[in-house]
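This report goes through a predicted two-chain model. The sequence and coordinates come first, and the text follows.

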Amino acid sequence: MSKEPVAVIGVGQTKHVAARRDVSIAGLVREAARRALDDAELTWADIDAVVIGKAPDFFEGVMMPELYLADALGAVGKPMMRVHTAGSVGGSTALVAASLVAARVHGTVLTLAFEKQSESNAMWGLSLPIPFQQPLLAGAGGFFAPHVRAYMRRSGAPDTVGSLVAYKNRRNALKNPYAHLHEHDITLEKVQASPMLWDPIRYSETCPSSDGACAMVLTDRAGAARAPRPAAWMHGGAMRSEPTLFAGKDCVSPRAGRDCAADVYRQAGIADPRRDIDAVEMYVPFSWYEPMWLENLGFAAEGEGWKLTESGVTELDGDLPVDMSGGVLSTNPIGASGMIRFAEAALQVRGLAGEHQVDGARRVLGHAYGGGSQFFAMWLVGAEPPTS
Amino acid sequence: MSAVLKAPLTVEFPFTRSLGPVQSAFLTGLRERVILGVRTGDGRTLVPPVEYDPVTAEEIRDLVEVAPTGTVTTWAWNHAPRRGQPLTTPFAWVLVRLDGADTALLHALDAPGPDAVHTGMRVRVRWAGERTGAITDIACFEPYDAERAEPTGHSGEFVDAVTGIVAPARLDYTYSPGRATTGYLHALAGRRMVGERCPSCRKVYVPPRGACPTCGVATAEQVEVGPGGTVTTFCIVNIKAKNLDIEVPYVYAHIALDGAGLALHGRIAGIPYDQVRMGLRVEPVWTEGGRYPDHYRPTGEPDAAYDTYKELL
Ligand SMILES: [Zn+2]
């Protein structure tokens with residue numbers, strides 16, 4: 001028996017900001033969930049199960065969010081589960097929820113991911129003082145910056161490419177009312193003049209620290225038929241993982257990422273991603289990851305990704321827009337960031353992305369990664385239901 | 001073989017929590033010696049209050065005051081209180097249904113012994129002398145035989161409401177790095193770098209983990225690597241980390257020690273930071289009493305060719 005087609009019929013986000021001191025974590029997730037239900041014109045009673053995700057527990061100190069948030073998410077008396085895959089968790093959470101619909105376990109599932117970075121310190125969570133271990137010599141940026149330098153060496157990319165990505169994404173964010181950073185006076189010169197934090201990564205090429213939540217309502221064919229607005233249809237979805245470090249690991253273009261993308265394309269019947277996919281919401285916490293992932297995801301040959309960025313292909317009005325919403329570079333509630341990519345991809349094919357809508361977006365990829373470039377989650381959504 | 005190392009590990013952080021309207025009223029109430037519950041759609045009063053109705057999932061905001069007296073609905077005796085618990089002497093954990101409430105609140109009961117505690121016993125709040133708007137504003141409960149106290153009829157509106165709390169979290173572990181790391185550390189004490197070779201793929205892991213993550217097999221064969229190595233990639237750190245006593249800027253590098261199957265991470269010094277490059281040949285610099293090399297410095301050898309280390313970035 002074939003799988004049940006999965007449709008996204010509701011999307012909700014909070015306005016992402018540095019600190020949401022006016023709400024509890026329960027209040028924050030509630031806001032996103034309520035908006036997703038409103039989009040789908042459903043009530044709590046219409047939801048059969050709830051799947052949630054968040055960043056690693058030490059990041060914000062909530063050890064059992066599924067327990068604490070059951071009543072805020074209307075999950076009492078329903079199955080509720082929690083997914084945990086570091087920074088990619090928002091994507092993995094959506095995929096677990098989608099699998100429940102695809103397997104006909106549940107008809108309509110609410111999925112949600114969140115983080116309140118203002119109540120914690122992710123940097124502390126990443127650098128616990130483990131006995132006998134050398135302290136980590138640099139923060140998250142310091143962990144990824146050497147990989148960026150390796151990419152620059154390998155590809156021969158000019159060192160301005162990172163600033164182009166940051167400038168583009170911050171301008172895109174101005175068109176997204178939910179984005180955290182709205183830098184109205186952004187210029188390329190300002191990005192290029194911002195201080196080097198972990199050379200080759202500049203301050204303006206790093207993501208902010210945000211409070212926010214994102215929710216989606218996923219449903220089956222019958223649910224989609226009843227939905228008041230267009231659905232986004234899942235054409236493929238996959239997760240892959242690999243160790244943080246191992247002999248032979250390609251930190252610039254991890255194999256798990258390549259394999260994950262290939263699996264999604266196979267499911268979706270994508271022969272040439274550059275030709276067959278209209279836009280990408282990609283997890284880019286540091287600007288240089290745009291050209292790196294363009295290669296990893298098969299949109300460009302190895303060493304050629306930066307050329308797409310440099311020639312404007314990834315601009316909002318380009319041939320392959322990337323991070324139309326402003327991306328992680330403009331909004332980063334870590335636990336939610338992957339789901340925001342997935343949800344923004346869905347909004348694009350539903351034609352509901354507002355000012356950052358890509359005209360005629362029919363097939364859009366949502367991408368998330370996490371840990372030390374070791375967890376990958378992706379889905380491809382389309383405006384039409386899958387044919388097979 | 002020497003004993004596997006062990007050491008205490010304390011993981012501790014003062015998380016902050018924004019309270020939202022309901023918890024804000026509840027905790028501010030405790031500061032003012034007022035206990036607030038919240039009314040649900042079906043007319044029950046929940047203490048402690050929650051923001052959303054557990055039955056209907058609707059938002060609930062109807063705050064009602066309950067009495068500081070109540071009834072124990074169940075309990076367990078705590079023979080040996082631990083740090084951070086409400087009382088330092090043995091006490092009972094109790095669920096107390098306060099008069100006027102339909103649900104029970106978890107807290108501590110100060111009682112001389114388990115024989116003095118029973119389900120159904122009457123208790124009252126013992127308020128803390130200094131109250132800040134936290135659950136600890138209730139110091140504990142105590143046995144109480146007199147009349148039920150009446151609530152004051154408080155509206156739940158406060159001036160100067162508490163909007164956030166600090167929720168310190170602490171976990172105490174006994175940490176063991178395991179056999180492979182213990183061997184690695186013993187070798188380091190003699191200023192030698194020793195990894196382990198995978199019997200299947202033959203790659204040498206430094207530091208060793210006791211298993212090869214790609215082949216999934218145990219490793220045991222010790223292999224000395226270095227002391228020379230090659231900088232395969234790096235970044236220049238310009239922001240000072242709170243927990244590190246290193247002047248910025250400094251170079252944080254991936255260093256492939258000669259013979260190692262992957263790079264380890266270290267700091268480069270003994271050369272101006274802006275002259276560090278991929279392919280630079282380096283060696284460890286040890287300091288008295290340091291468990292690890294303090295940093296790596298140039299050896300003066302010619303740079304390694306990119307092809308020799310491009311798989312080790
Ligand atoms: Zn192996």
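The centres of domain 1 of chain B and domain 2 of chain B, taken over C-alpha atoms, are 52 Å apart. Chain B is divided into domain 1 (7–170), domain 2 (178–225) and domain 3 (227–313), with bounds that come from an automatic or database domain assignment.

The model is predicted, so local features need pLDDT of at least 70 and side-chain atom pairs count only at pLDDT 80 or more, while totals for chains, interfaces and linings use all residues. Residues are numbered from 1 along each chain as its sequence is written, chains are lettered from A and ligands numbered from 1 in the order in which they are written, and side-chain values use heavy atoms, with hydrogens and water left out.

**Interface between the chains**

Contact (heavy atoms within 4.5 Å) involves 55 residues of chain A and 59 residues of chain B. The buried area between chain A and chain B is about 4700 Å², and carbon and sulfur atoms give 63% of that area. Buried area here is the accessible area (1.4 Å probe) that two parts lose on being put together, summed over both.

Between chain A and chain B, 16 residue pairs are in polar contact, both residues being at pLDDT 80 or more. A polar contact is a pair of N or O atoms within 3.5 Å; within protein, one must be able to donate a hydrogen and the other to accept it, and residues adjacent in sequence count only if both atoms are side-chain atoms.

The elements that give two or more residues to the side of chain A that touches chain B are α1 (25–40), α2 (57–60), α6 (140–155) and β5 (196–199) of chain A. Of these, α6(A) gives the most, with 9 residues. Helices (H or I, at least four residues) and strands (E, at least two) are DSSP runs, numbered from the N terminus. By class, this side of chain A has 31 nonpolar, 12 polar and 12 charged residues. Ala, Val, Leu, Ile, Met, Phe, Trp, Tyr, Cys and Pro count as nonpolar, Asp, Glu, Lys and Arg as charged, and the others, Gly among them, as polar.

**Strand pairing**

β5(A) is joined to strand β14 (residues 229–237) of chain B by 2 bridges, and the two run antiparallel. Trp198(A) stands opposite Val237(B) in β14(B). Two strands pair if DSSP finds at least two bridges between them.

In chain B, 3 strands form an open antiparallel sheet in the order β3-β2-β4. β3 (45–46) and β4 (63–66) of chain B stand at the edges with a single partner strand each, so one side of each is left without a neighbour in the sheet. Strand β2 (residues 35–39) of chain B is joined to β3(B) by 2 bridges, and Arg39(B) stands opposite Thr45(B).

**Salt bridges**

A salt bridge is a side-chain nitrogen of Lys or Arg within 4 Å of a carboxyl oxygen of Asp or Glu. The whole structure has 52 salt bridges over all chains, and the count between chain A and chain B is 1. Two pairs are listed below.

| Residue | Partner | N to O distance |
|---|---|---|
| Glu119(A) | Arg17(B) | 3.2 Å |
| Arg221(A) | Glu4(A) | 3.3 Å |

The pair of Arg221(A) and Glu4(A) links distant parts of the chain, 217 residues apart: Arg221(A) is in helix α9 (residues 221–226) of chain A, and Glu4(A) is in the segment before β1 (7–13) of chain A.

**Backbone details**

The peptide bond from Asp199(A) to Pro200(A) is cis, with omega near 20 degrees. Pro200(A) lies in the loop between β5 and β6 (201–202) of chain A. The bond from Val248(B) to Pro249(B) is also cis, with omega near -5 degrees.
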